[in-house]
Amino acid sequence: MSSEENLQKLALQGAVKALGSIEGKGKPKIGVEEFMSVAERFGFSKAALKKIRAIASAEDMGSGPFLANYYSDLKETKVKGFERIARETFGTKHAIGVSSGTAALHSALVAVGVGPGKEVICPALGFYATAAAVVTAKGIPVFCDVDESLAMDPSEIEALITPRTVALAPTHIMGSVCNMGAIMKVARKHKLKVVEDCAQSCGGTFKGKLAGTFGDMGCFSISAYKIVGGGEGGLIITNSRRLWDRANQIAECGGLWRPDRFAKPRYNGELFCGTNYRMSELEAAVDQVQLERMPATVKRFHKVKMRILNRLKTFEEIVPQKLNDPDGEIGYQLRFFPKTAELSQKIATALQAEGISCGTRGKSTAPDWHIYSYMFPLTLKNGPTEANCPYECPLYIENGGQANYARGDCPTADGLFDRVVNVMLNQWFSAGDCRNVANGINKVLSAYCTPAADATPWL
Ligand SMILES: Cc1ncc(COP(=O)(O)O)c(C=O)c1O
């Protein structure tokens with residue numbers, strides 16, 4: 001066929017293809033520069049970066065990596081690997097890597113049935129994201145007071161249950177664990193779902209069982225500050241296939257999680273509109289390593305806390321935080337409640353002077369998103385539009401609902417939060433460091449308080 005004929009005939013009629021091959025040669029979409037940017041973020045020195053660049057540039061990266069979690073040529077993407085490690089670590093049937101702890105909570109809460117007209121019982125102390133996720137799921141948070149463990153007080157839950165309640169969302173607070181035995185008892189009695197917020201206590205256990213594996217779903221944050229802290233990420237674990245489906249439908253509404261994304265619903269209610277909370281491959285690459293390290297990290301923190309607690313003396317004016325399970329405590333903080341907020345302040349100042357890192361919340365009116373009464377985006381009850389959903393949703397109001405949030409609703413939380421002293425612990429403390437910290441605490445408490453052998457013990 002002449003070239004003239006080729007120009008007129010279609011390739012379908014046997015002519016040579018108009019574009020047989022591409023001459024233009026580009027660079028990989030993701031290549032050495034992106035890799036260097038990651039290496040730079042890791043904080044390597046200039047000299048190290050130079051070496052990394054030289055080695056990376058010598059490799060032929062072809063078209064470079066394609067950082068997709070789905071439709072990848074890899075046998076196991078980093079996200080899938082992270083989810084496998086999570087299943088192995090927690091012993092659950094399912095795990096979903098997501099973009100944040102808040103995303104995990106939102107997905108899990110919708111999965112268990114939170115929606116218009118429904119209430120979720122949340123702890124008065126924890127973090128704003130738990131209650132905020134209830135609201136973004138169009139439900140209403142109802143705050144439950146805490147006990148001296150700073151976690152949801154199981155004996156306070158029943159009084160808050162209404163026909164609108166669908167779930168409990170206990171938070172395992174700051175390296176400690178909730179009394180999950182008692183909480184699950186109430187949940188089962190009232191047929192309520194349980195979504196555990198484990199963002200602050202990844203790796204904590206209650207009676208030998210990992211936090212996050214008691215309820216219907218466990219949610220974790222993998223933000224930089226957490227025990228497993230990769231930057232910004234989240235994790236959902238569950239043993240229920242149906243809840244896994246539903247959480248995926250919220251977190252990955254493109255349907256890529258389904259065997260056939262375009263298949264008709266396989267059962268009534270399978271498909272509904274969600275959003276995209278997918279975890280990124282880069283995040284998962286870090287999170288895999290972080291999660292594998294978690295047991296050793298927890299073990300180190302636990303040892304440090306126990307070494308210190310075992311050396312502390314008891315005082316009339318000091319109530320140590322109640323540990324629902326001392327053996328399951330992670331232990332990155334040590335907490336106690338002096339009799340007054342003023343005494344807390346004096347003790348904290350003296351401890352800091354001793355070189356012991358600690359803080360108080362103080363009796364302040366400053367917004368603090370760890371206590372219900374100061375979570376003002378919630379307490380203001382402002383929805384994003386004039387209809388003021390979910391606070392004034394007819395499905396809520398007409399069913400007797402009335403959301404009100406004010407300091408005083410949860411008096412134990414108010415009192416403890418005003419007085420708590422948080423001592424920060426370091427997983428790398430040596431036995432000597434632990435002794436020095438314990439001696440420092442004993443010295444300061446002896447200066448301001450009355451020694452009493454029969455006062456509340458630390459363990
Ligand atoms: C108890 C609790 N829940 C949820 C979150 C939210 O996690 P993220 O920041 O990953 O969305 C946090 C974060 O600090 C938290 O402490």
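Let's start with charge. The protein chain carries 54 positive and 47 negative side chains. The centres of the two sets lie 4 Å apart. Keep in mind that this is a predicted model.

Now the overall build. The chain has 15 helices and 13 strands. Its C-alpha trace spans about 105 × 65 × 40 Å along the principal axes. Of the 459 residues, 51% are buried. The chain exposes about 22,800 Å², and carbon and sulfur atoms supply 54% of that.

What about the inside? In soluble globular proteins, nonpolar side chains tend to be buried together. Here, the largest nonpolar core has 103 residues. Phe90, Phe143 and Ile227 are among those with the most contacts inside it. Take Ile227.

Next, aromatic rings. The structure holds nine aromatic pairs. Look at Phe143 and Tyr372. Their ring centres are 5.7 Å apart and their planes sit at 45°, so this pair is tilted. Phe143 is in strand β3, Tyr372 is in the loop between β12 and α12, and 229 residues separate them. Both are buried.

Now compare Phe336 and Trp458. Their centres are 5.6 Å apart with planes at 75°, so this pair is edge-to-face. Phe336 belongs to strand β11, and Trp458 lies in the segment after α15. Why do both count as buried? The cut-off is under 20% relative accessible area. Phe336 has 0%, and Trp458 has 6%.

Last one: Tyr128, Trp369 and Phe376 form one aromatic cluster.

Technical notes
Residues are numbered from 1 along each chain as its sequence is written. This is a predicted model: local features need pLDDT of at least 70, side-chain atom pairs count only at pLDDT 80 or more; totals for chains, interfaces and linings use all residues. Side-chain values use heavy atoms; hydrogens and water are left out. A nonpolar core is a set of buried Ala, Val, Leu, Ile, Met, Phe, Trp, Tyr and Cys residues joined through side-chain atoms within 4.5 Å. Buried means under 20% relative accessible area, exposed over 50%, partly exposed in between (1.4 Å probe, protein chains only). Helices (H or I, at least four residues) and strands (E, at least two) are DSSP runs, numbered from the N terminus. Accessible areas come from the Shrake-Rupley method with a 1.4 Å probe; for residues, only the protein chains shown count as cover. Lys and Arg count as positive and Asp and Glu as negative; His and the chain ends are not counted. The place of a charge is taken as NZ of Lys, CZ of Arg, CG of Asp or CD of Glu. Rings of Phe, Tyr and Trp (its six-membered ring) pair if their centres lie within 6.5 Å; planes under 30 degrees apart count as stacked, over 60 as edge-to-face and the rest as tilted.
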